[in-house]
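Here is a short tour of one protein chain, written for someone who likes to look at the residues directly. Keep the structure open while you read.

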Amino acid sequence: MPITKTGLEIGGSLIAPFGVTKQIARLAPATQSAVIGETLLGQAGRGAAIGAATGAAGGYGFADKDEGAATVMGGVFGGLLGGSVPIVVDKAGTLIKNVLNSAGIGDQQTAASKMLASYLKKDNLTPTEAQQALDELRRIGVPNPVIADLGKSLQDLAYSAYVVQSKSKGGTQQFLEGRMIDQPNDIVKGLVEKAGLAKNVNGFEYLEALTANQARLASQSYPDAYSKAISAIPFRQYVDRPIFQKAYEEAVKRAGVYGQTLPDLSAIRNAQSVPTDILHQIKIGLDRIVDAETDSVTKKMTGYGGDVVKVKNEFNDLIKLLNPEYKKANAEFADAERIKNAFKMGEDYQRLDPVEAASKIKKLNGDEKEAFRLGVMADVNNRLGNFKGGDFSKQIFKSDNQKLLLRNAFPDQASYTEFSQYVKSLSDQSGTKQRVLGGSRTDENRAVRDESNLLGSFAKATATGDMLSMFKAGGTALLSRAKGISSETSEALQKRLFNVDQVEQTAILQELNRRAQRPKTGLLTGSAAVGSATGILGD
């Protein structure tokens, strides 16, 4: 279609700039950099490479004969005009801008903002929604949230920007790796805060405090149960046993700490009745003997300790039989053994049957649930000590059933939901790191090679005048460039995607909002200006 073709090319070429010198003087940056591509001169060089490639393609395609000569001729003229392309790139349409921006020509900051806006849209996020998501992450305590964490498409964009060589590459790698190093401690901190634990401890003193609190609540709720005197006769069988004498010694020491005094044990042997509280103190003494027979690390109990537990339960059942009010208090408030059992269940939560364990947890009272959470904390701390690297969030929730199991241990749905979201957000951060740093090495090598080919072909052509080599190397590099991202756009994208400063994040997203509100511009004029101008000279 020679008439149509020629008319379009001539029309397009008329829009091309001719006052190149004045334009360069007006647009040249105040500070010139020696790095090719950062100055207008460097951009003009890349424009020449593009023009040579497209001009050579046009010359080859339209030649009737002697294709080689036509190709070289098209490359020469296309390259000459291509050097002026940076001056009019702000007038070019979307299609041409994408090609030129991939070579580092034009407004790279604007190109980065447009790419970011496009990928936010792919993740079904508006800039306002992205801002709200970041604010929520900060509210629940997630450390260092960035825009790249907000969606799969944004992670893909972050990867595409990272694989291209730029000044920001090293800083991005350091940030992502450093964030993962801190993740295990961040999760432990979050578990302590969201689970309502007073502090990050899992020792004997904490469990003792929970047990003491249960005893205090029981005595307040059932004062008659503990003050009531019951027959001492059934308990005389225990008085002369060494284990009960030892338990009573423990009870006397414990009472002394709280400023209380217990009668001599012989009083039970000779009395007709005994206050329930005295018998309860003996049971607490037996609990302490059981503690001494339990390994603090493995939680395994000696055979002797197991025997003491059996006798203690028998002794306690006898009290409950003779004092119904005490039985009610026992059912509602936990003793030391129940507190420890809840703690042990928390330590083993990764190995429990979720359905069975959930049923048990629902029946626990507040202090028992706290003991359970404390046990979970102990297990997490143990995993933290043995952690070798990777995504620590997977150490918390290994399955959906375990999520449901932990839900029953939290004080309320809101605190659990917040913790669950907290862990998920840290997992998303792991995903960002894995996507960006754990991606294909081939992609990164290709991006480096394409960048070298594009700049190398221009340098070679400048030295030798061999425009055909520029077309082969530079044109191929341009077309295969990863996601059309230049090193300048890559740097601008990474500064947006991995910025942790709340004020700067807000400014970035506000800019995208303003950009979204601008009227759309046409495509034909700019495309004709850049594309047809090089085509007509190539022809």
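Asn124 is exposed, with a relative accessible area of 67%. In this predicted model, Asn124 sits in the loop that runs between helix H7 (108–122) and helix H8 (127–139). Its backbone is worth a look: phi of Asn124 is near 60 degrees, a positive value in a residue other than glycine. For background, most residues other than glycine have a negative phi.

Asn144 also has a positive phi, of about 50 degrees, although it is not a glycine. You will find Asn144 in the loop between H8 and helix H9 (152–163).

Now for the chain as a whole. The chain holds 28 helices and two strands. Of its 539 residues, 47% are buried. Among contacts with a separation of 6 or more, 79% are between residues 24 or more positions apart. The chain exposes about 26500 Å², and carbon and sulfur atoms supply 56% of that area.

Let's turn to the charged side chains. A search of the whole structure finds 21 salt bridges, and the table shows some of them.

| Salt bridge | Closest N and O atoms |
|---|---|
| Asp335 with Lys283 | 3.0 Å |
| Lys340 with Asp291 | 2.6 Å |
| Lys344 with Asp348 | 2.6 Å |

Asp335 forms its salt bridge with Lys283. Asp335 lies in the loop between helix H18 (324–332) and helix H19 (336–347), and Lys283 lies in helix H16 (residues 276–292), so this pair ties together parts that are 52 residues apart in sequence. Both Asp335 and Lys283 are buried.

Lys340 pairs with Asp291 in a salt bridge. Lys340 belongs to helix H19 and Asp291 to helix H16, so the two tie together parts that are 49 residues apart in sequence. Lys340 is partly exposed, at a relative accessible area of 24%.

In the salt bridge between Lys344 and Asp348, Lys344 counts as partly exposed at 30% relative accessibility, while Asp348 counts as buried at 17%. Salt bridges that share partners also join Lys283, Asp287, Lys312, Asp335 and Glu337 into one network.

What does Arg254 touch? Setting aside residues up to four places away in sequence, Arg254 touches Gln281, Ile284 and Arg288. Arg254 is in helix H14 (residues 242–257). Arg254 is buried yet has no salt bridge, and the nearest side chain of opposite charge, Glu208, is 5.8 Å away. The side chain of Arg254 does make a polar contact with the side chain of Gln281 (3.3 Å).

How values were computed: Residues are numbered from 1 along each chain as its sequence is written. This is a predicted model: local features need pLDDT of at least 70, side-chain atom pairs count only at pLDDT 80 or more; totals for chains, interfaces and linings use all residues. Side-chain values use heavy atoms; hydrogens and water are left out. Helices (H or I, at least four residues) and strands (E, at least two) are DSSP runs, numbered from the N terminus. Buried means under 20% relative accessible area, exposed over 50%, partly exposed in between (1.4 Å probe, protein chains only). Contact means heavy atoms within 4.5 Å. Accessible areas come from the Shrake-Rupley method with a 1.4 Å probe; for residues, only the protein chains shown count as cover. Lys and Arg count as positive and Asp and Glu as negative; His and the chain ends are not counted. A salt bridge is a side-chain nitrogen of Lys or Arg within 4 Å of a carboxyl oxygen of Asp or Glu. A polar contact is a pair of N or O atoms within 3.5 Å; within protein, one must be able to donate a hydrogen and the other to accept it, and residues adjacent in sequence count only if both atoms are side-chain atoms.
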